[in-house]
Amino acid sequence: MNNENFNLSEKLVSSSYVRQGLQARRGHEQLIRVLLQQGKCPEEGWSESTIELFLNELAVMDSNNFLGNCGVGEREGRVASSLVARRHYRLIHGIGRSGDIAAVQPKAAGSSLLNKITNSVVLDVLKFTGVRSVSSCFVVPMATGMSLTLCFLTLRHRRPGARYILWPRIDQKSCFKSMVTAGFEPVVIENVLEGDELRTNMEEVERKIEELGAKNILCVHSTTSCFAPRVPDRLEELSVLCAKHEIPHIVNNAYGMQSSKCMHLIQQGARVGRIDAFVQSLDKNFMVPVGGAIIAGFDESFIKEISKMYPGRASASPSLDVLITLLTLGASGYKKLLSERKELYGHLAQELKALAERYGERLLHTPRNPISLAMSLNHLQTQSNAAVTQLGSMLFTRQVSGARVVPLGVEQTVSGHTFNGFMSHADSYPCPYLNAASAIGITKEDITLCIKRLDKCLKSLRKEDSAEKSESVSPTEDLKD
């Protein structure tokens, strides 16, 4: 209510009570005022009542919620189900216009304001998580793969003659398909093995630039967050190389926002060389439903160019989800989650190492990967590839999700390109292994339960192997024993 309505209320209820209500209301409004003034993630999280007040006030600014609205067009924010309307806080019009996802929508001042505030808050989070010099970003209602495709399609207008994308190999289908879908030819740069780690082959990148010609290369497509034993690409060296040859550089930072190491790599890459855009997932970094990503960069004009490439209006759901989440957590709450994740990474490493040693295996030494870990499965491989993959099935049926079992010699064709040793990021990695990750939101209880169930599965497979061996011993050999 406004001041006039509060004054009228005093005729019905004691003025002292009404003034208390007015002061409480002003407390909510002060938080909203600071958000609109600063455009930053609030240090402390908001209560649900403040968030709902804010969203309801945005919603009444949209034409579909005007009391006297008379819509005679084909897109008037009509919703048949009241359940759907409540799910979206009656913010129905989406964001952007047909020519620009970041443009203000005349019919939807509230939704447009939601979009602007979300982008501003997310930019603030990108800065305090490590990429201090980022200048611009926007939330796009597509997951990481399609968001990368949008970046590549935008570069096509700047480099119409370019055909190739140099891509240090990472065995994740959407990364590869993002380039093919955009109509480009990925040039796979095989990784080099250094100890247990798979790292960027800089010599091969340089050789390909010389072979193909810089003007024929659309960009270098590098990666930060990845499954061990692959580690983040050599971003600083790649960035320097891209600047030297005037080749654009797009970074897939899928779940790298939760890692200070990954964010530092991006900051340093931009400082010493060239990074045109970096893309990160909303669900992996902010614990919201799948379907959104953040496209960010250091040149505001290029980021705007990407936003204008998005055809038509867009769903406001990812923006709404991430804004609600960040207002709930506040900067302090989000930083606490990041700190807990980092601490639990060390705990997970210790637990996996101890378990591996009990079974004659080892935790692979991958210190440059700050999120993912890998444990060798050599003893299972001596049985067969089937035993390795069986472990994955056993974990899944025991409700251990996210653990990834990688056998040797898997061949996989993705969009016409055949990968040998698929999932291991190399044609022939020395051993099979199991992945586990310490990602944002993981708890100590998750780790304890995972290790307990993994232990039971490994014990069960060892017993099966022992039983098979004893059955295969001949009667004569048995008597000798």
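**View 1. Arg-75, listed by UniProt as "binding site" in an unreviewed entry.** UniProt positions follow the numbering used here, feature names are shortened, and annotations may be inferred rather than shown by experiment. The structure is a predicted model, in which local features need pLDDT of at least 70 and side-chain atom pairs count only at pLDDT 80 or more, while totals for chains, interfaces and linings use all residues. Residues are numbered from 1 along each chain as its sequence is written, and side-chain values use heavy atoms, with hydrogens and water left out. Arg-75 occupies the loop between helix H3 (48–59) and helix H4 (82–87); helices (H or I, at least four residues) and strands (E, at least two) are DSSP runs numbered from the N terminus. With a relative accessible area of 46%, Arg-75 is partly exposed (buried is under 20%, exposed over 50%, partly exposed in between; 1.4 Å probe, protein chains only). Not counting residues up to four places away in sequence, Arg-75 touches His-93, Lys-107 and Arg-313 (contact: heavy atoms within 4.5 Å).

**View 2. Arg-271, one of the residues under the UniProt annotation "binding site" (unreviewed entry), which covers Arg-271, Arg-398 and Lys-463.** These residues are spread over 193 residues of sequence and also in space, up to 54.9 Å between C-alpha atoms. Arg-271 belongs to helix H10 (residues 260–272). Its relative accessibility is 57%, so Arg-271 counts as exposed.

**View 3. Arg-398, in the loop between helix H15 (385–397) and strand S11 (404–406).** The relative accessible area of Arg-398 is 37%, which means that this residue is partly exposed. Arg-398 touches Arg-453 and Cys-457, not counting residues up to four places away in sequence.
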